[in-house]
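Here is a short briefing for a reader meeting this structure for the first time. Take a look at the model before reading on.

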Amino acid sequence: MKKLLQRVFRKPVIWLADRLSSHPEKAAVFSSLSQLLQELLKGKTNRGVTFSCLPENTRFIIFSDQHKGGRDAADDFAAAESNYMTALSWYYSNDYTLINLGDCEELWENKPATVIEKNRLTLLEEAKFLQQTRYYRIFGNHDLEWNYLIPRQQFLKTIFGEKLKVYEGLVLQIPYNNQTYSFLLTHGHQGDLRSDGNAFSKWFVAAIWTPIQRFLDIHPDTISDSFDLVDRHNVVMYEWTLQYKNTFLISGHTHKPVFASLDHIDRITKQLEKAKQAGNTALMNTLQAALEKRRAEYAGKQFVKTMAQPTYFNTGCCCFSDGDITGIEIAEGFIRLIKWEVGERKVLEESPLYYLFDQLPPQ
C-alpha cells in the first residue's frame, strides 16, 4: 500500500513543495528578518533573547545544520559525528557558550523518536552546556517541530530537561567606541513560505506536512542542493543588513560558509590568484588543494556577486560528506570561521571585531 501511495502522490507532493519553498523572495526575506529583529529588540521573549556582552569576555561557538538523522544511508550527520563530538568537548572545556543555529535534527526525513534514540550521546553532550547555562538553541526549517511545546516536551525534555527553550533568533549587542553593534543570529530560512508563513502555515508544516512526507518517504531537494540559489540567497541576506545601522547577520541554512560577506570558496580563489601573481608556489599548492577538496560541494556555483560591507556571516554546516564541520566563533574580541577536520580545529578566517566595526560607513 505504501509503495502505491508513493507512486500516486510523489509528483504532486514534490510539485507543491517546489511551489511553496526553495525560492525565497527578497521582499519576504526582508520582511521576516526585520520583524524578527524589531521584536527581539523590543524584548519579545517568545521569539528569542537579546543581551549585551563585552568582546574581551565573550566566548561563543555557533554551529548549524547538523541534520542529525536515523543512522541510515541518508543520514548526512553520521560522517561528521566524531568530529562534532570532539569539537563539543573542546569548547565545553574552554568555557564557550554553544549556539545551535537550526536544522540541528533532520525531522523532514525521520521521526523525532528515531532521531533522539540514534543521537542520544551527541545530544547529551550538547545538554552539558545547558546545565552550565551556556546553551542556546534556534529552530530551522528541518527541525521546525521544536518550535512547538508538545514535541519539545515529548522528545527533547528527556535529554535537556526543563531548562531548554527553543527560539527563532537572538541578538548579541557589543559596545564599541560609544556605539552599540548588533549581531542577529537566526537560521536563515526566513522568506521560505513553507516554513516561514503565518502561525497556521508553520503549524501545518510541522504537524501535517512533514509527517506526510516522512510517511511517504518523499524528500524534495533543499536549498543547499542548488549552489546558484545558495549564492543568491546569501546575497539577499547580506542586502538585508544594509538597511540597519551597525547591524550584522549570522545565519546557517545554505550549508555554505561565508565570512565578512565573502564566501570561503571565493576568498580562496582570490588568494590563489594573488599567489600565482607573486609566484608563491608553496601557497599556490596549498590553496589549490583546498579548492579541490571542496570541488564537489561547490560544483554548481555560477552566480557572481559583490558584497562590499563585512556584515554577513554564514556558519556553513556540520554535515559535509567528508566529515568536516564548520562554524563561527566569537571569542576574545575576534570573530572566526573555523573548521574541524579529523578532530583538529583550524582557523580559516579571522578578524578583530573592532576592525569590522570600523569598516561600516557612518549613517
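The points below go from the whole chain to its sheet, its aromatic rings and a few single residues.

This is a predicted model. The protein chain has eleven helices and 14 strands. Of its 363 residues, 55% count as buried. Among contacts with a separation of 6 or more, 75% come from residues 24 or more positions apart.

**The seven-stranded sheet**

- Seven strands form an open sheet with mixed pairing, in the order E5-E4-E3-E2-E12-E13-E14.
- Strand E5 (166-167) and strand E14 (344-352) stand at the edges; each has a single partner strand, so one side of each has no neighbour in the sheet.
- Strand E13 (residues 334-341) and E14 run antiparallel and are joined by eight bridges.
- Isoleucine 338 stands opposite valine 347 in E14.
- Helix H3 (residues 81-93) packs on this sheet, where H3 touches strand E2 (59-63), strand E3 (97-100), strand E12 (325-331), E13 and E14.
- The direction of H3 makes about 140 degrees with that of E13.
- Arginine 336 has glutamate 350, in E14, as its bridge partner.
- The hairpin of E13 and E14 has two residues between the strands, and valine 342 there takes a positive phi near 50 degrees.

**Aromatic rings**

- The count of aromatic pairs comes to 21.
- Phenylalanine 63 and tyrosine 84 form an edge-to-face pair, because their planes are at 65 degrees, with ring centres 5.7 Å apart, and the cut-off for edge-to-face is over 60 degrees.
- Phenylalanine 63 lies in strand E2 and tyrosine 84 in helix H3, so this pair ties together parts that are 21 residues apart in sequence.
- Phenylalanine 63 is buried, with a relative accessible area of 0%.
- Tyrosine 84 is also buried, with a relative accessible area of 0%.
- Tyrosine 91 and tyrosine 96 make an edge-to-face pair, with 4.9 Å from centre to centre and 70 degrees between the planes.
- Tyrosine 91 counts as buried at 0% relative accessibility, and tyrosine 96 is buried at 2%.
- Ring pairs link a cluster made of Phe63, Phe77, Tyr84, Trp90, Tyr91, Tyr96 and Trp340.

**Charges over a ring**

- Lysine 128 lies over the face of tyrosine 92, 4.6 Å from the ring centre.
- Arginine 134 places its charged end over the ring of tyrosine 92 as well, 4.8 Å from the centre.

**Helix H2**

- Helix H2 (residues 26-41) has 16 residues and should span 22 Å at 1.5 Å a residue; its end C-alpha atoms are 22 Å apart, which agrees.
- The buried residues in H2 are Val29, Phe30, Ser32, Leu33, Ser34, Leu36, Leu37, Glu39 and Leu40.
- Glycine 43 follows H2 and has a positive phi, near 90 degrees.

**Two loop residues with positive phi**

- Aspartate 95 is not a glycine, yet it has a positive phi of about 65 degrees.
- Aspartate 95 lies in the loop between H3 and E3.
- Aspartate 95 is exposed, because its relative accessible area is 52% and the cut-off for exposed is over 50%.
- Histidine 253, also a residue other than glycine, has a positive phi near 80 degrees.
- Histidine 253 is found in the loop between strand E8 (247-251) and strand E9 (258-259).
- Histidine 253 is buried, with a relative accessible area of 7%.

- Leucine 249 is found in strand E8.
- Leucine 249 counts as buried, at 0% relative accessibility.
- Beyond its neighbours within four places in sequence, leucine 249 is in contact with Leu33, Leu184, Thr186, Met237, Trp240, Thr241, Thr311, Tyr312 and Phe313.
- One of these partners, Leu33, is among the buried residues of H2.
- Leucine 249 and serine 261 are twelve residues apart along the chain, and their C-alpha atoms are separated by 9.7 Å.

Key: Residues numbered from 1 in each chain as written. Predicted model: local features only at pLDDT ≥ 70, side-chain atom pairs only at ≥ 80, totals over all residues. Heavy atoms only, no water. Pairing = 2+ DSSP bridges. Helix = DSSP H or I, 4+ residues; strand = E, 2+ residues; numbered from the N terminus. Contact = heavy atoms within 4.5 Å. Axes fitted to C-alpha atoms, helices over the stretch in contact; angles between N-to-C directions. Phe/Tyr/Trp six-rings, centres within 6.5 Å; stacked < 30°, edge-to-face > 60°. Buried < 20%, exposed > 50% of the residue type's maximum accessible area, 1.4 Å probe, protein only. Lys NZ or Arg CZ within 6 Å of the ring centre and 35° of its normal. Expected span 1.5 Å × (residues − 1).
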